[in-house]
Amino acid sequence: MEAADVLDAIDPREALTVLGPSKAKNRGGHAEETGTVWPEPMLRARAGILAKSKVESGGLRPAWQRYSGNFYRNVGGALGEAAEHGRTLILSGGYGILRADEPISYYDRKLRLTDWPPGVLADAVLGEARRIGATQAVTFVSASADYAKLARRIPWDIEALLVTIEFHGGGAQVEVPRRLAQAFSAWWRRSPSDYPAGMVVEELG
């Protein structure tokens with residue numbers, strides 16, 4: 001089966017979707033704190049990481065609106081729809097695992113798996129899949145970053161796919177997230193003819 005067929009067989013409105021963050025972020029914000037509940041081990045680890053990170057007190061934004069890198073600039077309206085649908089997570093160097101609509105501060109920290117206690121992030125992702133009743137999960141991230149390593153380390157007990165981009169030309173820092181955005185948007189819109197060149201779909205669970 002072609003990569004596009006494997007991905008297109010999963011209903012984006014039923015699956016758990018996992019996305020990466022971006023270094024570029026929007027400052028400020030007026031969102032209200034929601035008291036989002038996560039497992040205590042992740043909340044403790046998150047507090048410790050944020051205490052060692054650059055975090056600004058200029059207001060909160062929903063996570064999907066905090067990031068402004070190339071993925072987020074190119075993804076269009078699909079991400080807002082997915083965030084509203086309530087089955088999308090965003091991986092974060094400062095916060096670990098975020099629900100897409102979870103209000104967060106501006107921060108500056110890259111994800112390093114060694115910062116986090118073993119199993120804490122994986123447990124949070126799997127716990128979210130159970131909470132929403134998802135039997136499938138799809139992660140869209142760069143192949144070379146710790147985000148993809150995390151997706152591969154999770155002991156998935158549901159069907160799980162990792163979508164990355166194979167790209168060897170110049171300007172990869174722009175082109176890879178742009179194509180990931182195209183892949184996500186095409187999947188969400190159920191428009192497989194719009195999947196980008198170089199899309200790789202890896203079966204994880």
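Trainee: What makes the radius of gyration of the protein agree with a compact globule?
Mentor: With 205 residues, a compact globule would come out near 17 Å, and the protein has 16 Å, so the two agree. The radius is taken over C-alpha atoms, and the globule rule is 2.2 Å times the number of residues to the power 0.38. Those C-alpha atoms fill a box of roughly 45 × 35 × 30 Å along the principal axes.

Trainee: What kind of model is this, and how are the residues numbered?
Mentor: It's a predicted model: local features need pLDDT of at least 70, side-chain atom pairs count only at pLDDT 80 or more, and totals for chains, interfaces and linings use all residues. Numbering runs from 1 along each chain as its sequence is written, and side-chain values use heavy atoms, with hydrogens and water left out.

Trainee: How many helices and strands are there?
Mentor: The protein has eight helices and 10 strands. They are DSSP runs numbered from the N terminus: helices are H or I with at least four residues, strands are E with at least two.

Trainee: Why is isoleucine 90 called buried?
Mentor: Buried means under 20% relative accessible area, exposed means over 50%, and partly exposed is in between (1.4 Å probe, protein chains only). Isoleucine 90 has 0% relative accessibility, so it counts as buried. Of the 205 residues, 53% count as buried.

Trainee: What does isoleucine 90 touch?
Mentor: Contact means heavy atoms within 4.5 Å. Isoleucine 90 lies in strand β4, and not counting residues up to four places away in sequence, its contacts include Leu19, Trp64, Tyr72 and Ile97. Isoleucine 90 and valine 18 are 72 residues apart in sequence, yet 5.7 Å apart in space, C-alpha to C-alpha.

Trainee: Why is β4 called largely enclosed?
Mentor: Five of its five residues are buried, so β4 is largely enclosed by the rest of the structure. Both faces are covered: Thr88, Ile90 and Ser92 sit on one side, with Leu89 and Leu91 on the other.

Trainee: What makes β1 and β4 a pair?
Mentor: Two strands pair if DSSP finds at least two bridges between them. β1 and β4 run parallel and are joined by three bridges, so they pass the rule. Threonine 17 stands opposite threonine 88 in β4. β4 and strand β5 (residues 96-99) run antiparallel with four bridges, and they form a hairpin with three residues between them.

Trainee: Which residues of helix α5 are buried?
Mentor: In α5 (residues 77-85), they are Ala78, Leu79, Gly80, Ala82 and Ala83. The buried residues of α5 pack against β1, α3, α4, β4 and α8.

Trainee: Is threonine 139 buried or exposed?
Mentor: Threonine 139 has a relative accessible area of 2%, so it is buried. Threonine 139 is in strand β8 (residues 136-140), and among the residues it touches are Val18, Trp156 and Leu161.

Trainee: Why is arginine 190 called partly exposed?
Mentor: Its relative accessible area is 40%, so arginine 190 falls in the partly exposed class. Arginine 190 is in the loop between α8 and β10.

Trainee: What is the phi of arginine 190?
Mentor: Phi of arginine 190 is near 55°, a positive value in a residue other than glycine. Most residues other than glycine have a negative phi. Glycine 86, which follows α5, has a positive phi near 85°.
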